[in-house]
Amino acid sequence: MGKPILLLLLCLSSGLLQARIDSAARIDSETKLAEFSRNTALWFAIESNLLPDAATFSGSINLHNDSAVALPAGEGNWAIYFHLIRKIETTEHAGLRLTHVQGDLHRISATANFAGLAPGQQLTLPFQSAPWIISYSDFMPRAFIVVDGLPPAVFANTDTEQLQHFVRPLVRPEQLLRNIADGDKIPPVTAEQRYYHSENRHAENQQSQHLTSTPKAKATPGSSNLQQRLIPKVQQLESFGGELSLESRWQIRADAAVQSEARYLQQQLQQLYGLKLSLTDSKHRSANSIALTLADKATTPESYQLKIRDAQVNISGADAAGVFYGIQSLLALLPLPELTQGSQALTLPTLQISDAPRYRWRGMHYDMARNFHGLDATLRLIEQMGRYKLNKLHLHLTEDEGWRLQIPGLEELTSIGAFRCFDLSEQNCLLTQLGTGPAKTGSGNGYYSRADFVRLLQHAKAHHIEVIPEIDLPGHARAAIKAMEARYQRLMQAGKPEQALAYRLTEDNDTSRYLTVQNYNDNAVNVCLESSYRFIDKVISELQLMYQDAGVELRIFHMGGDEVAKGAWEQAPSCLALIDSDPLVNSVADLKPYFINRVAQLTAARGLKLAAWEDGLMADPEQPFTRDQFQNEQVLVNAWDNIWEWGYGDRAYKFANAGYLVVQSAGTNLYFDHPQEAHPEERGYYWATRYTDTEKVFFYRPDHLYHNAEFTRDGAPIRDLAALLGRPLPELTQPQNMLGIQGQVWSETIRTAAQLEQMIYPRLVALAERAWHRAPWEPDRQTASAQQDLQQFLSRLTQVELKRLQRAGSQHYLPAPGAKLSKGLWQLNHRWPEVALEFSLDGGQSWQPYVKPLPATAGLLVRGRLGQVSSRVEPLQP
């Protein structure tokens with residue numbers, strides 16, 4: 001073909017394409033925009049995580065226009081916005097420009113070179129970023145298109161929590177493995193690996209029973225060994241070998257100091273079993289009674305004794321909390337309500353328990369700031385914490401992505417700071433993040449009203465839980481900064497400059513440049529402004545009033561303090577002036593301890609202890625700030641950053657030895673926002689470890705910190721931690737400063753209450769076991785007794801505790817089953833006892849129980865099920 005003819009054909013082809021685009025209905029109305037967003041699919045894909053540059057990946061975004069509407073050629077008046085946790089640097093391809101906006105929000109817009117996107121066409125926009133993406137939950141839903149003059153419209157295929165509806169399959173090795181260290185040693189787990197892991201565990205358990213000479217009968221819900229294996233495990237239990245029946249003629253007798261605990265027991269028995277017991281004074285002694293009393297002698301705080309014998313149940317506690325925990329043990333000894341239907345009496349074993357907590361701090365941290373899940377989810381969490389004898393609820397109330405507590409007098413904190421939507425001016429809401437999409441009704445929006453929070457505090461008090469409020473400062477404060485800036489603008493326009501400046505958290509002409517780990521460049525409160533401290537004191541004072549209204553005392557204020565980006569404040573006029581004028585502030589490096597001490601003074605003046613995350617209190621990567629430079633009698637620290645090969649795993653000991661009070665919050669074992677299995681379909685981040693399952697939480701050894709250093713992030717076994725770090729490891733010389741342990745759940749990838757509970761449970765139950773009970777096998781988890789203890793824990797968990805969770809209306813996680821193909825037949829098993837196995841041959845429309853090996857046929861799906869909860873579905877390929 002001659003060159004002139006080829007050029008003519010190309011021109012004709014181009015002209016026909018342009019005519020097709022021009023003839024298509026362009027987006028100039030809400031109807032056409034709805035047509036385009038409904039029938040155009042936006043897809044994300046990971047191309048490879050195994051690029052030559054470590055910790056980088058290549059991906060792509062695909063637009064498939066199956067609508068009757070075209071995107072016109074040229075710059076146009078439209079833009080597409082999407083959420084992605086990895087920051088993409090500005091890139092151009094096929095006439096499209098991809099830019100980072102703020103946080104996880106990115107924009108795609110057209111340049112003059114854009115050829116348009118006609119109906120039936122598709123285009124792909126490649127990009128690179130870092131670090132890796134190996135999980136579906138790294139992608140956020142609700143990408144949307146904005147056309148000038150029209151409301152934003154979400155691409156329909158992305159308006160879902162079914163992530164595979166807009167993320168291409170992650171199946172190839174280069175999509176599932178990381179370029180890390182000398183190679184990723186943690187590939188996604190397979191059904192076959194699960195099968196052999198479960199098979200080996202059952203064999204080890206049988207062997208451990210033989211070695212320890214403790215034959216164990218099959219644990220059924222009514223068997224004594226299961227009934228008396230409480231979670232958390234008790235210190236001492238003496239069985240008398242008999243039973244007694246709890247009936248309606250019984251009474252509850254209680255000291256005056258534990259009347260609220262008595263009412264709680266009365267309510268629980270009626271609610272769970274329909275058993276109505278009268279409540280009377282402890283002086284009225286009689287048979288067939290449950291007596292709740294305080295111990296005559298001083299004993300360990302929160303300890304209790306429970307004795308069931310001779311038609312009497314006696315619970316004696318060192319304090320009201322001890323009585324409450326004794327009640328929890330009593331309730332846990334009762335049979336499951338579904339096993340008592342039609343019975344007029346409840347059977348209890350005769351026994352005596354003496355019990356006390358391992359740690360005074362048994363905590364759970366809950367981040368509802370990034371994604372708000374509603375008051376009811378928090379109330380359910382409190383109830384379950386009380387059931388398992390956890391006593392500290394650390395509420396992460398504020399973040400870059402949201403402020404979740406109403407503060408009287410600072411209305412913008414919630415009217416703007418509690419909502420995300422598409423508003424580039426941020427005068428009506430925060431900029432949308434984390435898959436919320438363009439509407440204020442999107443996921444993650446909301447807050448606790450003042451009345452809600454008072455109710456929450458009262459509920460916590462009834463369950464003997466102290467609520468520790470965290471207002472994250474000076475970093476992670478974008479919601480507060482933007483809300484107070486909107487307040488500033490409103491009052492300036494109203495001609496009230498003094499009021500406008502009163503609580504402003506930033507200043508004009510601050511040209512400081514920085515970028516946080518979460519890709520924000522404007523989230524650090526200005527620590528040199530007096531208005532910042534006025535704001536903090538205002539918030540603390542309002543918190544104290546809420547606690548007073550709830551009838552509890554605010555004792556600890558958590559200031560966050562973590563992840564302040566380098567570069568913050570460097571060009572802030574007020575900070576430059578402070579460095580010139582204050583002899584104790586000689587450089588930008590001095591601003592961080594200056595801020596901490598100002599907050600320490602504010603809290604001390606209000607009679608409060610101060611708490612912070614560990615990196616907020618580090619003078620440098622090796623050493624914390626000296627304790628005495630902060631003017632508060634008690635400073636608590638959450639030690640979390642224990643990436644072993646980075647050399648941070650000893651910080652908990654360093655802080656305790658330096659005089660700080662330490663709560664172990666280790667990322668490798670106690671972060672419940674990490675996946676529960678190494679699999680792309682498991683939700684969560686994986687920066688500290690590839691996964692954290694229930695067993696990993698169970699085997700955390702807080703008294704032997706370095707024994708938890710088992711694997712590096714890439715999965716390499718750690719055989720000698722000191723050799724890995726090239727330095728000796730400090731010992732704990734001030735053990736009295738080690739308060740206890742705490743689980744953490746961060747909510748970047750957790751948009752619904754159901755997702756939240758699936759991430760928390762049952763890991764929270766294992767956390768409670770370790771926080772309350774010091775196992776005799778510690779620190780060696782490889783012993784036969786340790787494996788037997790785990791198996792007993794799992795038996796109780798699956799046969800009792802998870803059923804109690806479901807009855808309370810909570811969701812929980814269930815691992816996927818294992819499967820082995822042998823002689824053309826699939827054999828199934830499960831790592832947890834008593835989990836039912838099911839299969840489907842019709843794409844999951846119906847399920848059948850697994851009773852014998854299954855033929856290897858196309859489309860075979862399997863899952864585990866316990867009660868109303870099912871595991872992730874596993875497809876088995878023939």
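Predicted model: local features only at pLDDT ≥ 70, side-chain atom pairs only at ≥ 80, totals over all residues.
Cys528 sits in the loop between helix H12 (497–502) and H13, while Cys575 belongs to helix H14 (residues 573–581), so the bond ties together parts that are 47 residues apart in sequence. Both Cys528 and Cys575 are buried.

A search of the whole structure finds two disulfides. The other bond joins Cys421 to Cys429, with an S to S distance of 1.8 Å. With -80 degrees about its S-S bond, the link of Cys421 and Cys429 is left-handed. Cys421 counts as buried because its relative accessibility is 8%, and Cys429 counts as buried at 0%. Counting bonded cysteines along the chain, the disulfides follow the pattern 1-2, 3-4.

Leaving aside residues up to four places away in sequence, Leu764 touches Met364, Leu381, Met385, Tyr388, Leu390 and Phe672.

Helix H8 (residues 375–387) has 13 residues, which at 1.5 Å a residue should span 18 Å; the end C-alpha atoms are 19 Å apart, which agrees. Ten of the 13 residues of H8 are buried, so the helix is largely enclosed by the rest of the structure. Just after H8, Lys389 takes a positive phi of about 65 degrees.

Two packed helices are described by the angle between their axes and the distance between the axes. For H8 and helix H10 (residues 450–462), the axes come within 10 Å and cross at roughly 10 degrees. Because angles under 35 degrees count as roughly parallel, H8 is roughly parallel to H10. On the H8 side, the contact is made by Leu375, Thr378, Leu379, Ile382 and Glu383, and on the H10 side by Asp452, Arg455, Leu456, His459 and Ala460.

Some backbone features also deserve a mention. Most residues other than glycine have a negative phi, and most peptide bonds are trans. Leu434, however, has a positive phi near 55 degrees. Leu434 is found in the loop between strand E22 (430–431) and H10, and counts as buried at 4% relative accessibility. Trp569, also not a glycine, has a positive phi of about 75 degrees. The loop between strand E24 (556–560) and H14 holds Trp569, which is buried, with a relative accessible area of 7%.

As for cis peptide bonds, one runs from Ile231 to Pro232, with omega near 0 degrees. Pro232 is placed in the loop between helix H5 (224–227) and strand E12 (236–247). The bond from Glu778 to Pro779 is cis too, with omega near 10 degrees, and Pro779 lies in the loop between helix H21 (763–772) and helix H22 (784–807).

Notes. Residues numbered from 1 in each chain as written. Heavy atoms only, no water. Contact = heavy atoms within 4.5 Å. Disulfide = S-S within 2.5 Å. Buried < 20%, exposed > 50% of the residue type's maximum accessible area, 1.4 Å probe, protein only. Helix = DSSP H or I, 4+ residues; strand = E, 2+ residues; numbered from the N terminus. Expected span 1.5 Å × (residues − 1). Axes fitted to C-alpha atoms, helices over the stretch in contact; angles between N-to-C directions. Parallel < 35°, antiparallel > 145°, perpendicular 65-115°, else oblique.
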